[in-house]
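Okay, let me put the next one up on the screen. Have a look, and then we'll go through the overall build.

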Amino acid sequence: MSQKILVIDDDQDLCKVLSNFLKKSNYEVDVAYKAEDGLKLLRSNEYDLILCDYRLPDMTGVDALQRIKVLSPSAAVIIITGYSDVQTAVETFRYGANDYVTKPLYPDELLVTVKETIQKNQEKNDIRAGKTPVKSEKKQEAPATSKFIHGSSKASLKVLEHIDLIGPTDMSVLVIGETGTGKEFVSNSIHQKSDRAGKPFIAIDCGALPKELAGSELFGHMKGSFTGAISDKPGSFELANGGTIFLDEIGNLSYENQVKLLRVIQERKIKRIGGQKDIDIDVRIIAATNENLTEAIKEGEFREDLYHRINEFKINLLPLRERKNDIMTFAEHFLNLSNQSLKKNVQTFSEEVVNHFLNYQWYGNLRELNNVVKRAVLLTTGDAVQPSALPDEIIHASRTPSQSGSDESKEENLTLKAASEEAEKEAILNALEASRYNKSKAAELLEIDRKTLYNKLKQYNIQDY
Ligand SMILES: Nc1ncnc2c1ncn2[C@@H]1O[C@H](COP(=O)(O)OP(=O)(O)OP(=O)(O)O)[C@@H](O)[C@H]1O
């Protein structure tokens, strides 16, 4: 049976082209020009993948995604976006988008992304449904796309050291980082380093779990315990038994489910919804977040006792822009992957491209770098990727003083630097005030270590209270 795709985009010409192209590639395709029409189709059909425009006439991308996840929690979602929106579109990953593609769309690139996304999502669904043995049990090579690469920056080497250190223990780990920094990859690598490696690694995206389904997804349910519970179903904790559960975007768990999770951690037992029996559970918990949980605790949105339980060890993944030494290591890795998937043979990046990469902000982090490299490989005919294969936004946003030429722009850049230092100084002063000049707390609020804070205090001449 062919796989089914729903395209939701208000650009009717684009829908037509996409639909024809995907049908030629043996997918079944439905099309909707508005979010509401798409949601209607989702109520009566099952899809493997939804390709959804970030800007729809009747709903924001995030709203559409959240409603898609309620109606089709197990379908994969790829967001279609213009490059100028990428910085905000990457936010959708907190709500369960699987990947994004940028306009203009290129058929070959889109096809690779569609195929890979459906396959990865299917594997996750199968593991979650207890259908297939975990990979390590099948003794298969992991696909190249999921191969763990470690960066060469100091920060990455530290992370690697920590993975080696805590991997073999049973400690719970909290991985903190912006979207696309590699939180799931790091968590999986911790699992692979542990005695649990041959057992399941179950990844749950708490940000994508509709509130009403979260309890059943995590803890399972008994037949008839609520409308729609047509049979007994084990939850992710049962399926992960003996292995590791990865709770992504844990800050999004409802208060009620935080309480249940705390019980699982404390008592190592779960009770299915509607069930009477306690089931013993032996699961290691790795949680991830890209928000400041200490703030959420202050606001009363996240339980402090749960925070301490999941935070036996903390791993902080810096944004790519703060570990520039990693950029080209990963770019080379993504170049190799893209050559394989697009059947190309691009050898390297031109010096100018390297400069643009090093100076760009990468708000979507490794995911964005991967997508930019994939597109660039597709557009490159020679041996080396040239700037013409990069989105304009990267070229403009990453201009350095030496590239921009005039003294005037040099001065502008200096002023920008001063502005960002001013903002940093202000953030530090705010954190000091909020923490009543307790430097450990201020450092935590700023998500930097105490030593960095002390250096910054010196740098900005902030009085040591
Ligand atoms: N160590 C790594 N080695 C190779 N590829 C990586 C690594 N880390 C991340 N990637 C690439 O970056 C993408 C995003 O990584 P990952 O899903 O782990 O990020 P994340 O921080 O969990 O993102 P999100 O917050 O959106 O869930 C991956 O699909 C992969 O292509």
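So, with 465 residues, a compact globule would come out at a radius of gyration near 23 Å, and the chain has 23 Å, so the two agree. That radius is taken over C-alpha atoms, and the globule rule is 2.2 Å times the number of residues to the power 0.38. Keep in mind that this is a predicted model: local features need pLDDT of at least 70, side-chain atom pairs count only at pLDDT 80 or more, and totals for chains, interfaces and linings use all residues. Numbering starts from 1 along each chain as its sequence is written.

The C-alpha box, along the principal axes, is roughly 75 × 65 × 45 Å. Buried residues are 37% of the 465, where buried means 20 or more other C-beta atoms within 10 Å of the residue's own, with C-beta atoms placed from the backbone.

For secondary structure, we have 21 helices and 14 strands; these are DSSP runs, H or I of at least four residues for helices, E of at least two for strands.

Now the domains, whose bounds come from an automatic or database assignment: domain 1 is 4-123, domain 2 is 135-318, domain 3 is 321-398 and domain 4 is 407-459. The centres of domain 2 and domain 3, over C-alpha atoms, are 31 Å apart.

Conventions. Buried ≥ 20, exposed ≤ 12 C-beta atoms within 10 Å, placed from the backbone.
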